[in-house]
Structure formats: C-alpha cells, structure tokens
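Hi,

Here is the structure I promised to pass on. Have a look at it first, and my notes follow below.

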Amino acid sequence: MTSVEAIAVRDGRGGVHMVTVPVSASSGTPLTILRAGICGTDLQIASRVREDRAGILGHEALAVTESIEPVILNPVGIKDQDSILGHDYDGVFRQRCQISSSEDGGPTLVPANAELIADLAPLVEPLGAALYGWELVEKALCPRRVGIWGGGFLGLACATIAGLHGADVVVFCSTDSRAAWIRRRLSLRAESLPSSPEIGTLDAAFLCVPRTSAVEALDQAAQVICSDGAVDLVGGVPRGVVVGSNPGADATELRRGNVRGVSNTPNGTTRVRREDGRWLHVTGHRGTSDGHLLQAQEVLSQHSARFSRMISHVVSLRQGARMINQLCLGRSRTDAVGEEIVKVVIDPGQTVERRDLDPGVSIGHLLLAA
C-alpha cells in the first residue's frame with residue numbers, strides 16, 4: 001500500500017490542509033489524477049456553508065486508468081443523486097485514488113478525447129452542466145435575452161453557451177473587478193450587482209451563485225424576467241425556498257427533478273405563478289448525463305482558445321490548497337500580483353507552484369509520457 005498527499009477539509013474549523021492518505025489496495029478502480037478543477041462547491045464545503053461529508057475535496061477531474069485509458073469523471077451517482085464524488089465521499093484532490101464502480105454508487109468514467117488540451121479537461125463537467133441547463137430552458141422557450149447571475153466559471157460557461165446559441169447575454173457579478181476582468185478577458189457584457197436590467201427585458205436567467213446568495217439572486221431574476229420566461233437554478237438553493245404561489249413549488253425539489261439527463265416531468269421544467277400574476281418556468285438539475293460530458297469535450301475542442309482564457313491559474317496540489325483557503329476564508333479574490341482568481345486548475349504532478357496554461361499538451365501527450 002502506498003500513500004499520497006491530498007487536500008483535506010480541516011476538522012472542526014473552516015479551510016483545508018495537506019494530509020498524507022493511503023492508496024487502498026481494496027476493491028475499486030485505481031486512477032491516477034492528471035488534472036482537477038476547483039469548483040465553487042469545494043469552497044462552500046471548505047467554508048462549512050454546506051454539510052457534505054467528504055474529507056477530501058474535488059469532483060472535476062481528468063484521470064487515467066491502469067490500462068492507460070483517459071477518463072473524465074461524472075461525479076453524481078446513477079442510482080442516488082445524493083452520492084456525489086468529493087461531496088458525500090472522498091474526492092480527487094490527490095495524485096492517485098481508488099474509485100468505486102458506478103454500480104456501487106461511484107462516478108461514471110467517461111472516455112476522454114485524447115486530442116483535447118489537458119489543462120481544459122477539468123472544465124468538461126461544469127461545461128456539461130451549462131449544456132444541460134440550456135437544453136432544459138430551451139424546452140420552455142427560445143431565449144434571446146439572457147442574464148447570468150454569477151461570474152465564476154459556471155456562470156461564464158452558461159454565458160458562452162447562450163452566446164453560441166445566438167442570445168444577447170449579460171453577466172451579473174458580485175464585484176466591479178470581476179466584471180472588468182470578464183469584459184477585458186472574454187469580451188462579454190458584464191455588470192456588478194446591484195445593477196440589473198429593467199423589468200421584462202430578459203427571457204431567461206441562469207443562477208450560478210453560491211447557495212448563500214441564491215435567494216437574493218432568484219428574487220432579482222424573477223422581477224426582471226418577462227412573463228413566461230425561465231429561470232435555471234444552476235447552482236442550487238437552500239431547502240425550503242418556494243418559487244411563486246404554486247402549492248409544492250419547492251425550488252430544491254424542482255431542481256432535483258432532473259438527474260443526469262433524466263426528468264420526472266414531461267419537459268424538465270415547472271410553470272409556476274408569481275405573486276404578481278406573471279408566470280415563470282423554473283428548472284434546474286443534479287448532475288449531467290455522460291452524453292453531456294462527451295458534448296462538452298466537443299465544445300471545448302471547437303472553442304479551446306476562448307475557454308483557455310477562462311482559466312486564471314494552473315497550480316500544484318499544495319498551491320491549490322492555499323488558494324482554496326484564501327477564497328473560502330474570505331481573504332481575497334485576487335492573487336499576489338492582483339490578478340483575479342477565477343478558474344483554478346490543479347496539476348497534481350506539478351512541482352512549481354504555478355505555471356501558464358499549456359495549449360500544446362493534449363491528453364494524448366500525457367498518455368505518451370505515462
């Protein structure tokens with residue numbers, strides 16, 4: 001039995017630290033983690049905003065099996081949407097691990113495209129969520145004016161997918177500096193809250209904010225969306241939040257009605273009546289299908305230059321732990337030289353603290369070097 005370093009949640013207080021954990025020789029699929037992405041939910045778990053049980057964080061990952069097959073991990077369990085890698089059991093912020101099979105509640109291993117830039121691979125899972133969200137909203141209407149609440153990668157992914165479908169998009173951020181970064185780096189229209197469009201000027205809203213901000217964002221979006229517009233609860237909401245005046249229109253349950261591409265309603269959305277008499281289509285989802293992750297890889301390959309600009313940092317495992325602590329403990333959203341920390345990719349085999357994204361190294365190149 002060998003041991004590896006891992007990013008683990010501190011017991012009894014917020015933040016993470018580096019620990020040494022054994023790589024079990026018991027049943028499961030042995031994986032070497034090649035790249036991993038830091039997600040907003042990782043920060044929420046580390047901040048103790050969420051009650052997830054995982055001791056080791058991380059669910060966005062490119063890995064390689066013992067037979068040198070590259071895979072993307074689909075973290076939400078097929079049988080149980082509450083079985084999530086890096087949330088309910090230990091995740092991928094380490095160099096090697098053993099993963100239970102999907103039949104036993106573990107993640108699905110989706111084939112990775114060997115031609116995809118390796119540093120972009122952690123974007124596959126969140127981009128798949130953006131693709132799924134757009135698919136659900138399009139079942140209710142054809143949105144042409146779209147608002148995105150949240151300036152993290154998930155919000156930027158939703159904004160990009162909406163733009164690729166011809167929509168006019170505006171991103172609403174929590175700070176002026178993030179809005180300026182988005183305008184400068186991605187040429188997207190971005191504004192800092194509390195700025196918001198006039199009532200009735202948006203067809204749809206995608207809420208990509210932490211649960212702690214979700215209720216306020218939902219109220220803002222519901223006020224400005226046109227009658228029979230749509231809201232996608234991408235980032236989730238606290239339990240007990242009711243949307244509109246419909247009996248049983250619980251936002252969490254509406255979101256949990258779509259799991260890994262399967263819906264318990266005919267079109268995956270629920271039409272609810274607002275207290276002001278306007279109607280609203282509400283949707284959301286837990287996890288994505290394996291097909292969404294394959295589609296996400298195609299989108300990343302076709303628009304690699306654009307998505308590369310969304311990655312602000314590629315760091316070592318230890319530097320990833322430092323950045324999680326910086327972000328989750330509220331110290332600063334900029335690095336030592338004042339650059340916005342937007343999407344952080346961890347290279348577990350990297351020895352330097354930080355390097356530039358390398359567009360010349362594909363997943364196939366990594367396999368040749370393995």
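In these notes, contact means heavy atoms within 4.5 Å. This is a predicted model, in which local features need pLDDT of at least 70 and side-chain atom pairs count only at pLDDT 80 or more, while totals for chains, interfaces and linings use all residues. Residues are numbered from 1 along each chain as its sequence is written, and side-chain values use heavy atoms, with hydrogens and water left out.

Let me start with His-292, which sits in helix H7 (residues 290-302); helices are DSSP runs of H or I, at least four residues, numbered from the N terminus. His-292 counts as buried because its relative accessibility is 4% (buried means under 20% relative accessible area with a 1.4 Å probe, protein chains only). Leaving aside residues up to four places away in sequence, His-292 touches Gly-128, Leu-131, Tyr-132, Glu-135 and Gly-261.

Next, the nonpolar cores (sets of buried Ala, Val, Leu, Ile, Met, Phe, Trp, Tyr and Cys residues joined through side-chain atoms within 4.5 Å). The largest has 57 residues, and Leu-127, Ile-148, Ile-182, Phe-206 and Phe-307 touch the most other members. Helix H3 (residues 153-164) gives this core its largest share, seven residues. Another core lies apart from it, with 36 residues, including Val-4, Leu-57, Cys-97 and Ile-324.

Best wishes

Terms used. Helix = DSSP H or I, 4+ residues; strand = E, 2+ residues; numbered from the N terminus. Buried < 20%, exposed > 50% of the residue type's maximum accessible area, 1.4 Å probe, protein only.
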